[in-house]
Amino acid sequence: MRVGVHINRFGEAGGAPVRGAELAAELAAAGAAAEAAGVSRLSVMDHYFQMEFNGGAEAPMLEAYTTLAFLAAHTSTVGLGTLVTGVTYRHPGLLAKIVTTLDVLSGGRASLGIGAAWYDREHEGLGVAFPSTAERFERLEETLRICLRMWDPKDNGPFEGEHYRLAETLCVPAPVSSPRPEILIGGGGERKTLRLVARYADACNLFASTPEEVRHKLDVLRGHCEAERRDYDTVLKTITYSGDAADEGDLDGLLRDLSGYTGLGIDTVILAPRLGETAGWIERFVAPAVVRLAELD
């Protein structure tokens, strides 16, 4: 297994508020530590209000793509993306352009992590429309189609959907990634989300709930791939781990927790601690975890 790191808290190193230049310095240090440790990807949440379990809306939260651009300027090898962008937050044509810009300026290291969105408080708080679940999934599928069209240099024509209409799907310069930035869909919904993975995505992301649950979700994904005539093995499988072992720096505990996922074809485990001081944690815990988890298959 490869290792990714998900940064989900900002500016609270050791419980003390950190802002401005200190926050920027901590993020830059986290990027350097991730590359030194051999981390394959860095991700951030795409939210405008911090999660309730991370301190709530009054706790610091940075805008995702501005943060990724900052990390791009302070790194040179690690992959960069959101885990995951809510489909409601940006018009899909603009989203494709934003991810393309990150990809170009990072030298081909951007990915598009995307999902149907769920955090109603930040939508209501900031005046962003929050449609029904059914409509958000309709918008998600149209957004995936638009991004793929934007990244197809042979087709710059109009897009006519139920929710979005683009007169031109022009994207210049084109992405550096070949053939385009990776598309990762987050979530384990069996009827809609995993079907969209099979139809459009390069990668999926599931929560590391239990090995049995993840095995079941992957079986569902396999069924959708068969229905879509998609090679199941071409889908990159990732899981997000946010257990106590990550927070506590318990490497043996992490390995025990993840041992049940061997044999499921998981390519990457994304560690998501609820810590504000990311750089030191990467140096102390993630660096040896990269070595040990590489031995798990």
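Me: Where does Pro173 sit?
Reply: In this predicted model, Pro173 is found in the loop between strand E7 (165–166) and E8. The peptide bond that leads from Val172 into Pro173 is cis, with omega near 5°.

Me: What about phi, what is the value at Ala117?
Reply: Ala117 has a positive phi of about 70°, although it is not a glycine, and its place is in the loop between E5 and helix H4 (120–126). In general, most residues other than glycine have a negative phi.

Me: Is Ala117 buried or exposed, and why?
Reply: Ala117 counts as buried because its relative accessibility is 13%, and the cut-off for buried is under 20%.

Me: Then what does Arg229 look like, in phi and in place?
Reply: Arg229 also is not a glycine and has a positive phi, of about 55°, and it lies in the loop between helix H7 (211–228) and strand E10 (236–241). With 81% relative accessibility, Arg229 counts as exposed, the cut-off for that being over 50%.

Me: Switching to pockets, what volume does the largest one have?
Reply: The largest pocket has a volume of about 700 Å³.

Me: How much space lies in the second largest pocket, and which residues lie nearest its centre?
Reply: About 240 Å³ of space lies in the second largest pocket. Its lining is made of 17 residues, and Arg41, Gly79, Leu80, Ser111 and Glu182 lie nearest the centre.

Me: Which strand gives the most there?
Reply: E3 gives the most to that lining, with four residues, while strand E2 (41–44), strand E3 (79–82), strand E5 (111–115) and E8 each supply at least two. By class, the residues of this lining divide into six nonpolar, seven polar and four charged.

Me: How many cavities of 30 Å³ or more are there?
Reply: The structure holds one cavity of 30 Å³ or more, and the largest cavity has a volume of about 50 Å³. Its lining includes Ile7, Phe10, Leu23, Glu26 and Thr278. The largest share of that lining, four residues, comes from helix H1 (residues 20–37), and by class the lining has five nonpolar, three polar and two charged residues.

Me: Now the core, which residues touch the most other members?
Reply: The largest nonpolar core has 86 residues, and Leu254 and Val286 are the ones that touch the most other members. The largest share of this core, eight residues, comes from helix H10 (residues 278–293). A second, separate core of five residues includes Leu83, Val84, Leu184 and Ala203.

Me: What is Val286 in contact with?
Reply: Leaving aside neighbours within four places in sequence, Val286 is in contact with Val3, Val5, Val39, Leu271 and Trp281.

Me: How is Trp281 paired with Phe285?
Reply: Trp281 and Phe285 form an aromatic pair that is tilted, at 5.8 Å centre to centre with 35° between the planes, and the structure holds three aromatic pairs. Both Trp281 and Phe285 are buried.

Me: Why are Trp281 and Phe285 separated by about one helical turn?
Reply: Because they are four residues apart in helix H10.

Me: Last one, how far is Ser259 from Phe159?
Reply: Their C-alpha atoms are separated by 46 Å, and the two residues are 100 residues apart along the chain. Ser259 lies in helix H9 (residues 251–259) and, at 39% relative accessibility, counts as partly exposed.

How values were computed
Residues are numbered from 1 along each chain as its sequence is written. This is a predicted model: local features need pLDDT of at least 70, side-chain atom pairs count only at pLDDT 80 or more; totals for chains, interfaces and linings use all residues. Side-chain values use heavy atoms; hydrogens and water are left out. On a 1 Å grid over the protein atoms alone, a cavity is a set of points where a 1.4 Å probe fits but cannot get out, and a pocket is an open set with protein on both sides within 12 Å along at least five of seven lines; lining residues have an atom within 4 Å of a point. Grid points are joined across faces, edges and corners, and a volume is the space filled by probe spheres set on the points. Ala, Val, Leu, Ile, Met, Phe, Trp, Tyr, Cys and Pro count as nonpolar, Asp, Glu, Lys and Arg as charged, and the others, Gly among them, as polar. A nonpolar core is a set of buried Ala, Val, Leu, Ile, Met, Phe, Trp, Tyr and Cys residues joined through side-chain atoms within 4.5 Å. Buried means under 20% relative accessible area, exposed over 50%, partly exposed in between (1.4 Å probe, protein chains only). Contact means heavy atoms within 4.5 Å. Rings of Phe, Tyr and Trp (its six-membered ring) pair if their centres lie within 6.5 Å; planes under 30 degrees apart count as stacked, over 60 as edge-to-face and the rest as tilted.
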